[in-house]
Amino acid sequence: QLVESGGGLVQAGGSLRLSCAASGRTFSSYTMGWFRQAPGKEREFVTVIYRSGSRWIGEITKYAESVKGRFTISRDNAKNTVYLQMNSLKPEDTAVYYCAADGNFHPTGWVPLTTDFTSWGQGTQVTVSS
């Protein structure tokens, strides 16, 4: 089960931090992602944090081009929580943000798709005013 929090209304240029609390005893091995869906648009990938399964490669993070340099994903395995720090927000970031989880490892060249994730949160609204 995934529960998001932290959404709200913010002015352009502002910041928000979303949280996603997960239940499960193996959270540290989960692939955790954030997606978003704006009105009238398809759900799109924002960011992901995961492991490839190789002991030689540490945790991997990927970002959509539109959020690179502004958003940061992180996780606290002791709290079973993943975070999305969003800075320099723009009106086009307005959307419902969804947390997603998957119990599999993925290769370093993986391109995350919504169909790769087995668990989803209920979503949290982020509105950025201009």
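Trainee: Is the link of Cys-20 and Cys-99 left-handed or right-handed?

Mentor: The sense of the link of Cys-20 and Cys-99 is read from the angle about the S-S bond, which is -80 degrees. A disulfide here is a pair of cysteine sulfur atoms within 2.5 Å. With that angle, the link of Cys-20 and Cys-99 is left-handed.

Trainee: What kind of model is this?

Mentor: Residues are numbered from 1 along each chain as its sequence is written, and side-chain values use heavy atoms, with hydrogens and water left out. Local features need pLDDT of at least 70 and side-chain atom pairs count only at pLDDT 80 or more, whereas totals for chains, interfaces and linings use all residues, since this is a predicted model.

Trainee: How many residues apart in sequence are the parts that the pair of Cys-20 and Cys-99 ties together?

Mentor: The structure holds one disulfide, and its sulfur atoms, from Cys-20 and Cys-99, lie 2.1 Å apart. Strands are DSSP runs of E with at least two residues, helices are runs of H or I with at least four, and both are numbered from the N terminus. Cys-20 belongs to strand β3 (residues 16-22) and Cys-99 to strand β9 (residues 95-102), so the parts tied together are separated in sequence by 79 residues.

Trainee: Does Cys-20 count as buried or exposed?

Mentor: Buried means under 20% relative accessible area, exposed means over 50%, and partly exposed lies in between, with a 1.4 Å probe and protein chains only. Cys-99 has 0% relative accessibility and counts as buried. Cys-20 also has 0% relative accessibility, and therefore Cys-20 counts as buried.

Trainee: Which residue in β3 stands opposite Glu-4?

Mentor: Two strands pair if DSSP finds at least two bridges between them, and β1 and β3 run antiparallel, joined by four bridges. Along these strands, Ser-5 stands opposite Ser-19 in β3. The residue opposite Glu-4 is Cys-20.

Trainee: What is the relative accessible area of Met-86?

Mentor: Met-86 is found in strand β8 (residues 81-86). Leaving aside residues up to four places away in sequence, Met-86 touches several residues, including Leu-16, Leu-18, Phe-71, Tyr-97 and Val-126, where contact means heavy atoms within 4.5 Å. Met-86 is buried, and its relative accessible area is 0%.

Trainee: Which residue in β5 is the bridge partner of Phe-35?

Mentor: Six of the seven residues of β4 are buried, and this strand pairs with β5 in the antiparallel sense over five bridges. The hairpin of β4 and β5 has six residues between the strands, and Gly-40 takes a positive phi near 80 degrees there. The partner of Phe-35 is Phe-45.

Trainee: Which residue has its backbone oxygen 2.9 Å from a polar atom of the side chain of Thr-31?

Mentor: Thr-31 lies in strand β4 (residues 31-37), which is joined to the antiparallel β9 by seven bridges, and at 0% relative accessibility Thr-31 counts as buried. A polar contact is a pair of N or O atoms within 3.5 Å; within protein, one must be able to donate a hydrogen and the other to accept it, and residues adjacent in sequence count only if both atoms are side-chain atoms. The backbone oxygen that lies 2.9 Å from the Thr-31 side chain belongs to Asn-104.
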